[in-house]
Amino acid sequence: MSNSPNSQDSVLVTVTGRDEPGILARLTGILSEVGAVLLDIEQVVVHGQLTLSLLVRLPETRSVLKELLFAAKELGMSLDFKPVEGPSTPVAPSLSRHVVTVVGALGARELHAVAERLARHGANIERINRLSDAELGSVEIHIALPPERDPEELKRSLLELAMSTSAFDVALQRESLYRRSKRLVVMDMDSTLIRIEVIDELARAYGVGEQVVRITERAMHGEMDYDESLRQRVALLKGMDAKVLRDLAANLPLTQGAETLIRVLKRLGYRTAIISGGFSVAAEALKARLGIDYAHSNMLEEADGKLTGRTLGPIVNARRKAELLENIAQAEGILLDQVIAVGDGANDLLMLERAGLGIAFRAKPKLRQAADTSISAGGLDTILYLLGLSARELQEVLG
């Protein structure tokens with residue numbers, strides 16, 4: 001053959017066919033016997049069909065490829081080879097590597113949309129792993145970006161894509177040692193860990209719901225700061241029977257996926273925390289109910305079984321949330337790069353920025369744009385996919 005490789009070439013050998021035990025053992029046995037040098041290897045199995053690629057440097061004697069072709073035929077496999085000229089171990093360019101996680105109702109249309117965005121920003125797809133089990137509900141796409149491409153631009157483009165549909169969430173993370181070695185997960189409470197805003201429920205029960213809503217809207221429009229808005233809203237609860245608060249705290253509706261998330265994190269040895277601008281009675285109830293390690297929130301003052309309309313201690317505002325996150329990480333000996341923070345409101349922004357991974361959960365567009373990533377279509381357990389855990393691994397943890 002005129003294009004037969006010589007001893008100076010590397011050869012890419014690709015084997016495809018039905019996956020069976022012993023294929024790699026047979027082929028590497030031949031390579032070992034003849035003294036071929038194995039330079040690289042990769043294998044993937046999709047729906048029982050194997051693709052195995054071997055980059056080898058051939059010895060000067062013996063027709064190794066004929067022996068490999070004969071072995072593949074006996075195994076019922078197809079084998080192809082291609083000479084690869086140049087250095088056998090090429091030096092990779094200074095690419096930045098990232099992982100794109102897509103979670104939701106996925107099909108050809110959705111993956112095409114994501115792949116098109118990646119191509120538009122010059123991202124080369126190096127590997128795709130399915131994380132979900134029975135159906136195509138989550139995939140992890142490993143990409144490489146050339147140095148002239150800005151990962152932030154790609155993140156914004158993917159976020160824009162996710163915000164244009166309710167079918168799936170998409171997240172971009174830098175591939176690093178810390179991506180799969182997070183050790184602390186910190187969460188907001190109201191509208192994040194639980195489906196309600198506790199102060200709104202208390203206000204409705206006490207007949208001051210409309211007044212509280214008006215104050216909240218003024219704060220959202222920048223007409224007053226968070227601390228003052230909280231004081232005014234709490235003042236409207238003066239005289240309320242504290243039993244109403246305790247009854248509500250005992251029956252808080254958890255957000256979809258919350259129990260699964262905390263259960264898996266605990267079994268994997270993560271530390272967990274609630275840092276909330278809500279109220280301590282509710283936060284402490286959740287801490288006990290779910291086995292969460294820390295809970296920090298605002299304490300309502302009581303006298304003679306009634307709320308006084310005041311809080312005790314420093315208000316847990318945006319700055320205080322970020323400080324508490326740092327304090328917990330320091331106490332646990334955990335680097336900030338190993339912290340995940342999850343929240344839904346503007347007062348979570350500093351906390352999300354301080355963490356190694358900040359996640360906007362069912363949040364307003366402003367927070368979603370500022371966060372590292374966002375979740376809108378799925379539940380809190382979607383975070384587990386962002387850690388790189390597969391459905392099989394989750395099932396193993398959950399027993």
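**Close-up views of a predicted model**

View 1. In strand 3, Thr51 is the bridge partner of Val44. Strand 2 (residues 37–46) and strand 3 (residues 49–57) pair in the antiparallel sense over nine bridges; two strands count as paired if DSSP finds at least two bridges between them. Two residues separate the strands of this hairpin, and His47 in the turn has a positive phi of about 55°. Helices (H or I, at least four residues) and strands (E, at least two) are DSSP runs, numbered from the N terminus. The model is predicted: local features need pLDDT of at least 70, side-chain atom pairs count only at pLDDT 80 or more, and totals for chains, interfaces and linings use all residues. Residues are numbered from 1 along each chain as its sequence is written, and side-chain values use heavy atoms, with hydrogens and water left out.

View 2. Strand 9 (residues 184–187) pairs with strand 13 (residues 339–343) in the parallel sense over four bridges. Met187 stands opposite Val342 in strand 13. The side chains of Asp188 and Lys321 meet in a salt bridge (3.1 Å, N to O), defined as a side-chain nitrogen of Lys or Arg within 4 Å of a carboxyl oxygen of Asp or Glu. Asp188 lies in the loop between strand 9 and helix 5 and Lys321 in helix 11, so this pair ties together parts that are 133 residues apart in sequence. The structure holds 21 salt bridges.

**View 3. The largest pocket.** The largest pocket has a volume of about 1,300 Å³. Its lining comprises 41 residues, of which Met220, Tyr226, Gly345, Ala346 and Asn347 lie nearest the centre. Elements that each supply at least two lining residues include helix 5 (198–206), helix 6 (209–220) and helix 11 (318–332). By class, the lining has 16 nonpolar, ten polar and 15 charged residues; Ala, Val, Leu, Ile, Met, Phe, Trp, Tyr, Cys and Pro count as nonpolar, Asp, Glu, Lys and Arg as charged, and the others, Gly among them, as polar. On a 1 Å grid over the protein atoms alone, a pocket is an open set with protein on both sides within 12 Å along at least five of seven lines, a cavity is a set of points where a 1.4 Å probe fits but cannot get out, and lining residues have an atom within 4 Å of a point. Grid points are joined across faces, edges and corners, and a volume is the space filled by probe spheres set on the points.

**View 4. The largest cavity.** About 60 Å³ of space lies in the largest cavity. Helix 4 (151–163), strand 8 (168–174) and strand 15 each supply at least two residues of its lining. Among the lining residues are Lys155, Leu158, Arg368 and Asp372.
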